[in-house]
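Let's take a friendly walk through this structure, one stop at a time. Have the sequence and the 3D view side by side as you read.

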There are 2 protein chains.
Amino acid sequence: MSVHLRPEEIEAESFRMIDAEVGPHPWSPAQWPVVRRAIHTSADFDYARTMVFSRDAVARAVAAIRAGRGIVTDTTMALSGISRPRLDAFGIGGVCLVADPLVARTAQKLGVTRSLLAMRTAAANPENGIFVIGNAPTALFELIRLIREEGVRPALIVGLPVGFVGAAESKEALLALERNFPEIPFITNRGRKGGSTVAAAVVNALLILAGEEMS
Amino acid sequence: MSVHLRPEEIEAESFRMIDAEVGPHPWSPAQWPVVRRAIHTSADFDYARTMVFSRDAVARAVAAIRAGRGIVTDTTMALSGISRPRLDAFGIGGVCLVADPLVARTAQKLGVTRSLLAMRTAAANPENGIFVIGNAPTALFELIRLIREEGVRPALIVGLPVGFVGAAESKEALLALERNFPEIPFITNRGRKGGSTVAAAVVNALLILAGEEMS
């Protein structure tokens, strides 16, 4: 019975089921572990169709992780879903400023969302290089603006905001970035779906790949 | 442009879009805010078909919240997704023991998942009454066993584990509980989908309803 499987057996069996149900697919051997973990965490096969990787995104993500670049998330949920032991193995710090009192006060004064200002504030620290957005389109729009207008150069963007107002549009804006900024790798999806759990799963998949490449 | 909407305007517009796309539905006025927030957080309209409420679940959930019963979650993600100010307004404490070192050590010794033992440990504290499971089928199976075999009587179960091995089955086992334990309210869904973000959204919807009923 399933409850008597060990956690690693449950995961392996889940991956076998996903492989079987997806069947033939266009993902590269580097991309598939990332797509598969997004499906695993959501039980949503839409991700087998909708994920998008910029050129060499996985290899460049692995490089950013091995360089120990700091991770910024737009929600505390996404940060708490990323494996702390795996981050520690690479000496990677994580930060989410959305609940920071100063960010909250300043955002209200400026009339912008806390998510937007949290992203702007975190991007000002050059140690932060990996930007993970699982919830707020305003955070992703702001990150794109910082790239286009203020010279911010992320080492990786995981852009998976979710929702009905702006989420799909923010991801289209991210896709459009590649033409002018081909040096900035990103992993995203098309459409409204996404979320903190999926964003964290993508990062965890990349952390696992980075660990495998090292061993 | 969407980025210039205030957060409360973004939410209201999202709810209007969900109402319009779902159209006529079978949910009661008490249930719909809960279903709608699950859709809102996932952008997944499956929840408009798959959610299940035990008899009077929302009214009884509101009563459990107003009684200040402690919340137990199976993941730190779910706990961090539940509004801390709204919990504080009702004097509700929240706990997730899955990362507790003693739970981890003991689970390994017993050959069970950490999620299972975290649930068993938290259920031993009678102040805990609201059980929120957004990830681990083993946690929900264990809670059902504690009810059937050890006299645990939750004030509310939010049972939304996700995945390919055991998730759908654990929710069927929860549904089957109603025949023998009609006094235990639950909110769940059918199938593989679920997750920490959806579980947290359901709890947040209930906290908002509990606040409205008080005012």
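A salt bridge here is a side-chain nitrogen of Lys or Arg within 4 Å of a carboxyl oxygen of Asp or Glu. With that in hand, and keeping in mind that you are looking at a predicted model, start inside chain B, where the side chains of E11(B) and R37(B) form a salt bridge with an N to O distance of 3.2 Å. That pair links distant parts of the chain: E11(B) belongs to helix α1 (residues 7–22) of chain B and R37(B) to helix α2 (residues 32–42) of chain B, 26 residues apart. Counted over all chains, the rule gives 32 salt bridges.

Next, look at how the two chains are related. Chain A superposes on chain B by a rotation of 180°, with 0.0 Å of shift along the axis and an RMSD of 0.0 Å. This is therefore the relation of a two-fold axis. If you want to find the axis from chain A, go to M77(A), whose C-alpha is the nearest to it in that chain, at 2.4 Å. Both copies use the same surface, as 100% of the contact residues of chain A recur in chain B.

Now to the interface itself. In contact are 35 residues of chain A and 35 residues of chain B. Between them the chains bury about 2,800 Å², and 72% of that is on carbon and sulfur atoms. On the chain A side, the residues that lose the most area to chain B are M77(A), F164(A) and V165(A), together 26% of what that side buries.

What about charged and polar links between the chains? The rule finds four salt bridges across the interface, including one between the side chains of E21(A) and R192(B), at 2.5 Å from N to O. Two residue pairs are in polar contact between chain A and chain B, both at pLDDT 80 or more. Several helices of chain A, namely α1 (7–22), α2 (32–42), α5 (76–81), α9 (137–150) and α11 (196–214), each supply at least two residues of the side that touches chain B. The largest share, seven residues, comes from α1(A). By type, the residues of that side are 16 nonpolar, 14 polar and five charged.

Finally, step back to the whole chain. An unreviewed UniProt entry places the feature "domain: Cobalamin biosynthesis precorrin-8X methylmutase CobH/CbiC" at residues 9–208 of chain A. Over those residues the chain is 56% helix and 12% strand, with the end C-alpha atoms 17 Å apart.

Methods
Residues numbered from 1 in each chain as written. Chains lettered and ligands numbered in written order. Predicted model: local features only at pLDDT ≥ 70, side-chain atom pairs only at ≥ 80, totals over all residues. Heavy atoms only, no water. Contact = heavy atoms within 4.5 Å. Buried area = accessible area lost by both parts, 1.4 Å probe. Polar contact = N/O pair within 3.5 Å; in protein donor to acceptor, adjacent residues only side chain to side chain. Helix = DSSP H or I, 4+ residues; strand = E, 2+ residues; numbered from the N terminus. Nonpolar A, V, L, I, M, F, W, Y, C, P; charged D, E, K, R; others polar. UniProt positions renumbered as here; feature names shortened; annotations may be inferred. Least-squares fit on C-alpha atoms with pLDDT ≥ 70 in both.
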